[in-house]
Amino acid sequence: MPARSPSSALALATTSVLVLACAQPPVPAPARASEAAPSAASPAPAPLAGLERLLTGAWRQTAASGTSMLHSWRWGPGQRSLRSTTTGESASGDPWRALTYFYVHPREGDVRTFGLSCYAGGVSEGCFEIAGDEAAGRFELFQQGHHRRMELRWLFTDSDRYRETLLEETSPGRIEELVTWEHAREAAPSSERISMEELLAQPSARWSALRRWIGKGWLVGSCLRDLADPTLAARLRWIPLIDALELQVARVTPDGSAELLWEAMLYHHVGLAKLRCFALSASGEVATGDMRILDEHEVELELEEEREDAKLARRVTFRREKDVMFFSLSGAGGEPQRKVTLQESLGLPWR
């Protein structure tokens with residue numbers, strides 16, 4: 001079996017991130033995770049080159065009805081992906097929220113997309129190509145009662161504007177244009193705007209067993225060699241309207257600065273009628289698979305991890321006992337099980 005580098009092993013799952021990072025020397029304080037949208041001058045992986053222009057400011061999409069949405073972009077873990085967060089209103093005035101990831105597939109080397117939308121439980125997966133000021137992609141869209149095949153086309157008309165066209169395959173070989181939007185760059189808002197519907201919303205019944213987990217953070221105190229050294233932390237947050245859970249692992253310094261190592265979305269797939277996981281790591285691996293909530297104390301993930309050289313099966317278990325979280329990882333090929341313990345913090349462990 002080929003040797004794994006420490007950075008590669010970080011991506012196996014949350015437990016491997018935590019176990020291996022504890023053995024690594026302290027690192028200089030990175031930028032805050034909450035300020036994860038650097039200037040457009042930041043380098044992008046070659047397949048994503050051309051999209052880094054989206055990182056500066058935010059992008060306003062206005063419908064013919066006068067309502068609008070705002071797209072804000074930031075780097076994913078390790079600057080190997082881009083994530084767009086969309087907030088605002090639909091053309092009919094309903095609250096809207098969506099998330100989209102653009103990432104490089106570690107073995108194929110092409111750009112893939114993964115998205116979640118508040119409308120009809122939307123889940124999308126596809127491919128995307130960038131060529132200068134033009135980009136296009138195809139994706140499958142699952143909504144409640146529907147499986148749709150869609151196309152997306154972008155054209156950057158100048159440095160601060162681009163046009164987006166959405167199309168659908170309505171029958172084999174027949175593609176029809178649905179709508180075109182104009183996007184204009186503007187200054188990023190100082191803070192995220194939260195609608196009254198989001199303030200009043202609560203996680204759906206599918207997450208009822210995890211109510212006491214949501215909004216909590218955990219720290220690996222044993223990693224601290226000195227009070228000035230970074231530690232590792234995990235946190236779980238609920239995303240209103242989309243009704244998904246966001247799980248992040250970061251290396252955090254005492255002043256709250258953080259380097260995002262691993263980010264996962266836990267969601268309900270309406271097409272498969274099951275809970276699923278989509279995860280990206282700072283070292284480039286991509287993991288997908290099923291999520292099972294065994295009871296209010298234990299969650300299990302059965303993942304397939306795409307690496308540059310292989311596809312591996314991983315089982316991750318999360319077990320909570322009062323204010324302590326236990327993680328364990330079982331790997332393929334007879335690898336020993338890895339375990340780590342985290343202590344619940346008083347608040348989310350980084351800003």
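How many bridges join strand E16 (residues 286-295) to E17? Nine bridges join these two strands, which run antiparallel, and the legends below place this pair among the other views. The structure is a predicted model in which local features need pLDDT of at least 70 and side-chain atom pairs count only at pLDDT 80 or more, while totals for chains, interfaces and linings use all residues. Residues are numbered from 1 along each chain as its sequence is written, and side-chain values use heavy atoms, with hydrogens and water left out.

**View 1. Strands E11 to E20 form a closed barrel of 10 strands.** The order is E11-E12-E13-E14-E15-E16-E17-E18-E19-E20, with antiparallel pairing, and the twist averages 25° from one strand to the next. For such angles, axes are lines fitted to C-alpha atoms, for helices over the stretch in contact, and the angles run from 0 to 180 degrees between N-to-C directions. Strands (E, at least two residues) and helices (H or I, at least four) are DSSP runs numbered from the N terminus, and two strands pair if DSSP finds at least two bridges between them.

**View 2. Strand E1 (residues 58-62) is joined to E10 and to strand E2 (residues 68-75).** Four bridges join E1 to E10, and these strands run antiparallel; here Ala 58 stands opposite Glu 186 in E10. Four bridges also join E1 to E2, again running antiparallel, and Trp 59 stands opposite His 71 in E2. The hairpin of E1 and E2 has five residues between the strands, and in this hairpin Gly 66 takes a positive phi near 100°.

**View 3. Strand E7 (residues 134-143) pairs with E6 and with E8.** Strand E6 (residues 123-131) is joined to E7 by nine bridges, and the two run antiparallel, with Glu 134 in E7 as the bridge partner of Ala 131. Two residues lie between E6 and E7 in their hairpin, where Gly 132 in the turn has a positive phi of about 65°. E7 and strand E8 (residues 146-158) pair in the antiparallel sense over 10 bridges, and the partner of Glu 134 in E8 is Leu 155. The hairpin of E7 and E8 has two residues between the strands, and Gly 145 takes a positive phi near 80°.

**View 4. The second largest pocket has a volume of about 1,100 Å³.** On a 1 Å grid over the protein atoms alone, a pocket is an open set of points with protein on both sides within 12 Å along at least five of seven lines, a cavity is a set of points where a 1.4 Å probe fits but cannot get out, and lining residues have an atom within 4 Å of a point. Grid points are joined across faces, edges and corners, and a volume is the space filled by probe spheres set on the points. This pocket is lined by 48 residues, of which Trp 96, Phe 139, Glu 164, Leu 166 and Trp 181 lie nearest its centre. Strand E10 (residues 174-186) gives the most to the lining, with six residues.

**View 5. The largest cavity has a volume of about 120 Å³.** Of the 13 residues that line this cavity, Trp 213, Leu 236, Leu 247, Leu 266 and Phe 318 are the closest to its centre.
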